[in-house]
Amino acid sequence: MKKIYIESLGCAKNQVDSEILLSYAIEKGYSVTKSAEDADIIVVNTCGFIEDAKKESIDAAISFRSLYPAKKIILSGCLAERYGNEMEFEEVDAIFGNHDLSLFPQILDEVENGEENIVEIPEYPDPDKERDDRLVLLSHPRTAYLKISEGCNHCCSYCAIPIIRGPLRSKAKEKIVAEAKRLIASGIYEINVIAQDLAAYGGDIYKKSAFVELMDELSSLDGDFVLRMLYIHPDVFPRDLLSLVKERKKILPYFDIPFQHSSEKILSSMGRTGNTEKYLSLIEEIRNELPDAVIRTTIMLGYPGEEDEDFECVKDFVRRAKFDWMGSFTYSREEDTKAFKMRNKKEHDKAHKRAVAYQKELMEIQEEISTERMRRFVGNTYRAIIEEKVEGSDLYFGRIYAEAEDVDGLTVISSKKELRPGDVVDVKITKSMGFDLDAVAL
């Protein structure tokens, strides 16, 4: 039996694509291996969002070719989709875009047959014809991602996602609900509902946002599971979502809202409609309605036109918002985006150096805030999902509702009883340690 390995880079949406690719491979008789060394075919499922991600993707493929000169290597994903027709990349055997994953078996056949210079950059399929019966999941045990739409219509001036992934294409509600039922029946406890912007769901096929209706249906399903929402655009945040989350305990009060900035000047140039006071008002509304709410965000620094006063505005916003979690990144000058021509490369390189200094200062501020925010969990009891055991001890890494997979802190759980990855247990938080929590299993 031939073996296949996939290096899945970038976001959770890319991970779902990786799981679908592996499912097609399994149906063709491949077994999935966790080691590239053991594989006959290596797939690098790339990210193409920003320059650093593109470099990581290329470096990964080159590294695999150097390590395994005789193996077949396929470059897939966002980078392949965006640049596939222009790339001369001798290190790989095939380049495969991500608009129609159902063509992957054909790519595998061509690679197996020794065909050369394989480049397949497909057009958009009907989202309701995309496969959703994944045969393998790459998340921790009993955790899965549920992608409800593809693409994005916001077209923020800095963002290449609409160029790569295309316009918004929502899956039909009944198809999403059926997929959720399958995940629950298979024992999945934490379902992470994902899209480029969850609030936009349904705008194409239902002519209005149907996200709250969808969450209503998903949270009404039978079974022991929870729903975590990842990525809601702040300018279109559906306020009626809050009352639903308050009513339905299966929906975690966890909100991932990428504000990106707070200066009205910068946000307007980005193609966004917010400002400091609007965004603080949204945060206050969420916390008033849901006192246990956890809010994560991302902030971009170094966008064209950003001056010291705009950075001071962001610092003030972060201090007042008191986010539980925050990530940040520096602006990447992406060709074909509206912001690309706002400054030349020389100006960009100069601004980037300043943005790196800004980023360091901002993350130091956020580290203090996150450390303080974690203290509020001490003394309380929560359900936690176990991810792994700390070898040679009675300690386990797990997560409570406040911690999303791979991006937030962890809860270190002490248990006299043997636990397994995927177990869901009640824990009492005994101490906070920076971004992490200490707990005892009850």
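Student: Where does His 154 sit?

Tutor: His 154 is in the loop between strand 8 (149–150) and helix 5 (161–165). Helices (H or I, at least four residues) and strands (E, at least two) are DSSP runs, numbered from the N terminus. The model is predicted: local features need pLDDT of at least 70, side-chain atom pairs count only at pLDDT 80 or more, and totals for chains, interfaces and linings use all residues. Residues are numbered from 1 along each chain as its sequence is written, and side-chain values use heavy atoms, with hydrogens and water left out.

Student: Why does His 154 count as partly exposed?

Tutor: Buried means under 20% relative accessible area, exposed over 50%, and partly exposed in between (1.4 Å probe, protein chains only). His 154 has 28% relative accessibility, so it counts as partly exposed.

Student: What does His 154 touch, leaving out residues up to four places away in sequence?

Tutor: Asp 197, His 233 and Val 236. Contact means heavy atoms within 4.5 Å.

Student: Which residues of helix 10 are buried?

Tutor: Thr 276, Tyr 279, Leu 280, Leu 282, Ile 283, Ile 286 and Arg 287. They cover an arc of only 155° around the axis, so they lie on the same side of helix 10. The arc is that of the directions from the helix axis to the C-beta atoms.

Student: What covers the buried residues of helix 10?

Tutor: The cover includes helix 8 (240–247), strand 12 (251–256) and helix 9 (264–270). It also includes strand 13 (294–301), helix 11 (308–321) and helix 12 (345–374).

Student: What makes strand 4 (residues 72–77) mostly covered?

Tutor: Five of its six residues are buried.

Student: How do you know that strand 3 (residues 41–46) pairs with strand 4?

Tutor: Two strands pair if DSSP finds at least two bridges between them. Six bridges join strand 3 to strand 4, and they run parallel. Val 43 stands opposite Ile 74 in strand 4.

Student: Which hand has the crossover from strand 3 through helix 2 (residues 51–67) to strand 4?

Tutor: This β-α-β crossover is right-handed. The test: with the strands pointing away from the viewer, the path from the first strand over the helix to the second runs clockwise. Strand 4, helix 3 (residues 78–83) and strand 5 also make a right-handed β-α-β unit.

Student: How many bridges join strand 4 to strand 5 (residues 94–96)?

Tutor: Three, and the two strands run parallel. In strand 5, Ile 95 is the bridge partner of Leu 75, and Phe 96 that of Ser 76.

Student: What is the strand order of the open sheet?

Tutor: Its six strands run 2-1-3-4-5-6, with parallel pairing.

Student: What makes strand 2 (31–32) and strand 6 (118–120) edge strands?

Tutor: Each pairs on one side only.
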